[in-house]
Amino acid sequence: MRKLFTNLTFWVLLAIMAGVLVGHFFPAFALKQIFNKPWETRFLGQDLSIKTTLSEFLSGIFISIVKLFINPIIFLTVTTGIISMGNLKKAGRVGLKALIYFEVVTTFALIIGVAIAFLIRPGHGVVPQKVPGGDISKFTQPGGFNWWSFFLHNSTLQVLLAALILGVLFNKTKIREQLLEFLHKISKIVFKALYIVMWLAPIGAFGGMAFTISKYGLHSLLPLAKLMITVYTTMAVFIFGALWLILQQYHVNIFRFLKYIKEELLVVLGTSSSEAGLPSLMVKLEKMGCSKSVVGLVVPTGYSFNLDGTTIYLSMCMIFLAQVFHVHLDIGQILTIIGILMITSKGAAGVAGSGFIVLASTLTAIKVIPVEGLTLLLGVDRFMSEARAITNFIGNGVATIWIANNEKEFDREKMENAFKKKETEIIKL
């Protein structure tokens, strides 16, 4: 029992179940206002939002605290990764290899999303008038998606760029070793603080689930249940099909890997945010054998450019809306949708609501599907965000393992020890 009560997974899982129950049976309590108005500010380059309701506050406070760690960790890991590589050609090769991998895999994810949407036809039989709507005006501003604005408001990309530049400069200095030692010491302090903060994860998971269930209600799922089932099924096919094959190339078992990161997966599930588990994922990837330099370069870059779950969701939503409004898409239009999303989906991270902005701009570009159809997705988007976040999260872990193996920067003995240790903990529980 002592092992059980000191296990973070147990508390996160319990919090998720409690959040669902409170949201369903006591929605008034979950949506009780504790502030007159939301409090939003920026601190250390991160948007910090304390919302008005009790459930939003509990979820928001945890995610906001974790966000404070993301930019420092990205800066430290990328900078130390480049410095420790020594050879800048190697750093450039790893970065280029990562970008090529991201583009190939996310394009494949787009194609899977389109294919399964045409196969299952989740939009067939949906009556728009019977689906609860909402206001989409903030997602359809003139000009659509703007890359420059996206960069200016995405602190993660800004920090990543700064870390790359400073990493290259530090690599050429005479005090390179002293700088590396200093940054490693700072990293240890930051990660120790993060470990303490992660014990607040059950509070965030409870608030996130309570808010979602209480605000939207389980009844809101019924009109678009087929779309939800299709999205979750497609994500599962991608994870246990495409990502399984990718890891099989280097004889890494995806089921053992998922078991190894189960605490992080539950945190992502409860909060609907891959950010909540990102720093902890980087720690675990190092512990399972990926070199610090590869983890430092691949994971932060993947956070903005390797969004497997998001690309699947965006492609399926496009086809879903076409089916709802009985719009026949020819091969040229389908290829146009895939081509546009290949580019714009890379900007669907780090900025709230950017996924809808990407959808709106794509709908505007092809000009055959009513952009007003986005209102159909507002009610169930929150329920599908968990699938997107988890798939993005797993996809970044798999990408790092694959590139580390490909670069011969992977320690299989450390992987076996990490997996066995985790499996032993589960057996004892």
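Author: The model is predicted. H5 and H10 are oblique to each other. Helix H5 covers residues 88–120, and it packs against H10 at an angle of about 140°. Roughly parallel needs an angle under 35 degrees, and roughly antiparallel needs one over 145. The range 65 to 115 counts as roughly perpendicular.

Now the hand. H5 crosses H10 in a right-handed sense.

Next, the side that each helix brings. H5 supplies Tyr101, Val105, Phe108, Ala109, Ile112, Gly113, Ile116 and Ile120. H10 answers with Lys226, Thr230, Thr234, Phe238, Ala242 and Ile246. Sorted by class, the contact of H5 with H10 has ten nonpolar, three polar and one charged residues. Gly113 of H5 is among the residues in this contact, and glycine counts as polar in this scheme. Lys226 is on the H10 side, and lysine counts as charged.

H10 spans residues 225–248, and helix H15 spans residues 308–324. They pack at an angle of about 140°, with axes 10 Å apart. That makes H10 oblique to H15. The crossing of H10 and H15 is right-handed. From H10 come Leu227, Thr230, Val231, Thr234, Met235, Phe238 and Leu243. From H15 come Asp308, Gly309, Ile312, Tyr313, Met316 and Phe320. Here the class count is nine nonpolar, three polar and one charged residues. The charged class takes in Asp, and Asp308 is one of the H15 residues in this contact.

Thr230, Thr234 and Phe238 of H10 meet H5 residues. Thr230, Thr234 and Phe238 also meet H15 residues.

Follow H15 onward. Cysteine 317 is buried, with a relative accessible area of 0%. The loop between H15 and helix H16 (331–344) holds histidine 326. Histidine 326 has a phi near 55°, a positive value in a residue other than glycine. Most residues other than glycine have a negative phi. Histidine 326 is exposed, because its relative accessibility is 73% and the cut-off is over 50%.

For contrast, take another helix pair. Helix H13 (residues 278–287) and helix H14 (residues 292–305) pack at an angle of about 150°, with their axes 10 Å apart. That makes H13 roughly antiparallel to H14. The crossing of H13 with H14 is right-handed. H13 gives Leu278, Met282, Leu285 and Glu286 to the contact, and H14 gives Lys292, Val295, Val299, Pro300 and Tyr303. By class, that contact has seven nonpolar, no polar and two charged residues.

Cysteine 290 is buried, at 3% relative accessible area. The C-alpha atoms of cysteine 290 and lysine 408 are 9.4 Å apart, although 118 residues separate the two in sequence. Lysine 408 lies in the loop between helix H18 (375–406) and H19. Its phi is near 55°, again a positive value in a residue other than glycine. Lysine 408 counts as exposed, at 76% relative accessibility.

H19 covers residues 412–428 and contains lysine 420. Lysine 420 is partly exposed, with a relative accessible area of 48%.

Finally, the whole chain. The chain has 19 helices and two strands. Of its 429 residues, 55% are buried. Among contacts between residues at least 6 apart in sequence, 82% join residues at least 24 apart. The disulfide count comes to zero. A disulfide would need a pair of cysteine sulfur atoms within 2.5 Å.

Methods. Residues are numbered from 1 along each chain as its sequence is written. This is a predicted model: local features need pLDDT of at least 70, side-chain atom pairs count only at pLDDT 80 or more; totals for chains, interfaces and linings use all residues. Side-chain values use heavy atoms; hydrogens and water are left out. Axes are lines fitted to C-alpha atoms, for helices over the stretch in contact, and angles run from 0 to 180 degrees between N-to-C directions. Helices (H or I, at least four residues) and strands (E, at least two) are DSSP runs, numbered from the N terminus. A crossing is left-handed if the near helix is turned anticlockwise from the far one by less than a right angle, and right-handed if clockwise. Contact means heavy atoms within 4.5 Å. Buried means under 20% relative accessible area, exposed over 50%, partly exposed in between (1.4 Å probe, protein chains only).
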